[in-house]
Amino acid sequence: MKRILFFLSILFAANVLVMAQPKIVFDKPVQELGYLLWRNPVTITYHFTNSGSKPLVISNVTTSCGCTTADWTKKPIPAGGKGTVTAVFDTEAIGTFYKEVGVYCNASSTPIYLEFRGEVTADARNYSFTHPFGFDAIRLNQEEIEFNDVNKGEKPEFEILVANTSSKPYIPVLMHLPPYLSAKAYPEILGRQKSGKIVVTLDSDKLPKLGITRTSIYLSRFMGDKVGLENEIPVSVALLPDFSHVSAFERSNPPVLEVSSKKLEFLDLKPKQKKSQTVIITNRGKSNLEIQDMQVFSMALAVKLKKRVLAPGESTKMKVTVLAKNLGRTKGAPRILMITNDPSHPMITVRVKASVLKKD
């Protein structure tokens, strides 16, 4: 009998060791970069979470060619913690590209491959491919700024590519920056038909609150420029809840958020049409799920959420309505952003693709 109990205890211990493992989950393991400008290196960032129960350690990251260099979070990532893998692509070869990044870690016996693809173009005078958003003679590759998955104390950066298509030198300046944002242009002066970048830095310690903060900054297109809708750049920041003080019981019995869809399509709408879809939000966890903050990005969206606190196993409906007449009146992609108390899904974004039927 003792021998049987001994063997059973060994099997139980082995089973516990198998179950207690790190697990690496990437937000976007495949990234589409679109058009990139020749000889303008680009940094690709892959965010990941350790959704396992043991610390995660990345031992090495490899790239598929010498045109790419990689870096990663070197310190062990605890259960529920986050980290990044970055790749710098030199864009020295013109044409389409497909690259892989191999991640070696203690969560897998084989490397985990990340991907990015796009096309390098030498069309420096047009800039229509690489800088699709026009602010008069100045063109940008972004028309809005998003700081997502930010933790207190972090200082993330957001890079905007800027091109001067005018016949005069241009000084890139962002106006009306709030205290938690700073910006620096590289180079400080752009010659005619030249390109550069603006690096916007967020100081999360200066944010007014946890959750979602929204503001607008403005691109100065010429000396003495004023602010207006034409040069507005919307900014959104999602400062995640602090889970460091969660008890061991709460950590082992968390809420688990599940949404029926993170992408909604409303295509070929009539100019004055209103059309709705429903997203089901369910708590698959063992404690109450709280939607602590929610923001709707675009005046073309109307959102109704029936409940913000869900008991284990409970569901609620979120009705999303697109107002076709407002689609052309705001900048940025229409979306709904939610901050929750689910440690594995503290931020959820539901993105909306909508278009109005063009007249013949």
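Which side chain does Arg117 meet in a salt bridge? The partner is Glu115, at 3.3 Å from N to O. A salt bridge here is a side-chain nitrogen of Lys or Arg within 4 Å of a carboxyl oxygen of Asp or Glu. This is a predicted model: local features need pLDDT of at least 70, side-chain atom pairs count only at pLDDT 80 or more, and totals for chains, interfaces and linings use all residues. Residues are numbered from 1 along each chain as its sequence is written, and side-chain values use heavy atoms, with hydrogens and water left out.

**The whole chain**

- The protein chain has two helices and 26 strands. Both are DSSP runs, numbered from the N terminus: helices are H or I with at least four residues, and strands are E with at least two.
- Its C-alpha atoms fill a box of roughly 90 × 50 × 45 Å, taken along the principal axes.
- Of the 360 residues in the protein chain, 39% are buried. Buried means under 20% relative accessible area, exposed means over 50%, and partly exposed lies in between (1.4 Å probe, protein chains only).
- The accessible surface comes to about 20,000 Å². Carbon and sulfur atoms hold 55% of that surface. The areas come from the Shrake-Rupley method with a 1.4 Å probe; for residues, only the protein chains shown count as cover.
- Take the contacts between residues at least 6 apart in sequence: 66% of them join residues at least 24 apart. Contact means heavy atoms within 4.5 Å.

**Charges and salt bridges**

- The chain carries 48 positive and 33 negative side chains. Lys and Arg count as positive, Asp and Glu as negative; His and the chain ends are not counted.
- The centres of the two sets lie 5 Å apart. Each charge is placed at NZ of Lys, CZ of Arg, CG of Asp or CD of Glu.
- A search of the whole structure finds 14 salt bridges.
- One of them pairs Glu92 with Arg39, at 3.1 Å from N to O. Glu92 sits in the loop between β6 (82-89) and β7 (95-105), and Arg39 in the loop between β2 (30-37) and β3 (42-50), so the pair ties together parts that are 53 residues apart in sequence.
- Glu92 is partly exposed, at 43% relative accessible area, whereas Arg39 is exposed, at 51%.
- Lys74 and Asp71 also form a salt bridge, at 2.5 Å from N to O. Asp71 is partly exposed, with 38% relative accessibility.
- Arg117, from the opening pair, is partly exposed at 26%.
- Shared partners link salt bridges into one network of Glu144, Glu146, Arg335 and Arg351.

**Two loop residues**

- Ile171 lies in the loop between β12 (157-164) and β13 (173-175). Ile171 is partly exposed, with a relative accessible area of 43%.
- Leave out residues up to four places away in sequence, and Ile171 touches Glu188, Ile189 and Ser220.
- Ala185 is 14 residues from Ile171 along the chain, and their C-alpha atoms are separated by 8.3 Å.
- Asp225 lies in the loop between β16 (211-220) and β17 (232-239). Asp225 is buried, at 10% relative accessible area.
- The side chain of Asp225 makes a polar contact with the side chain of Arg221, at 2.8 Å. A polar contact is a pair of N or O atoms within 3.5 Å; within protein, one must be able to donate a hydrogen and the other to accept it, and residues adjacent in sequence count only if both atoms are side-chain atoms.
- Asp225 touches Met175, Leu219, Ser220 and Asn231, again not counting residues up to four places away in sequence.
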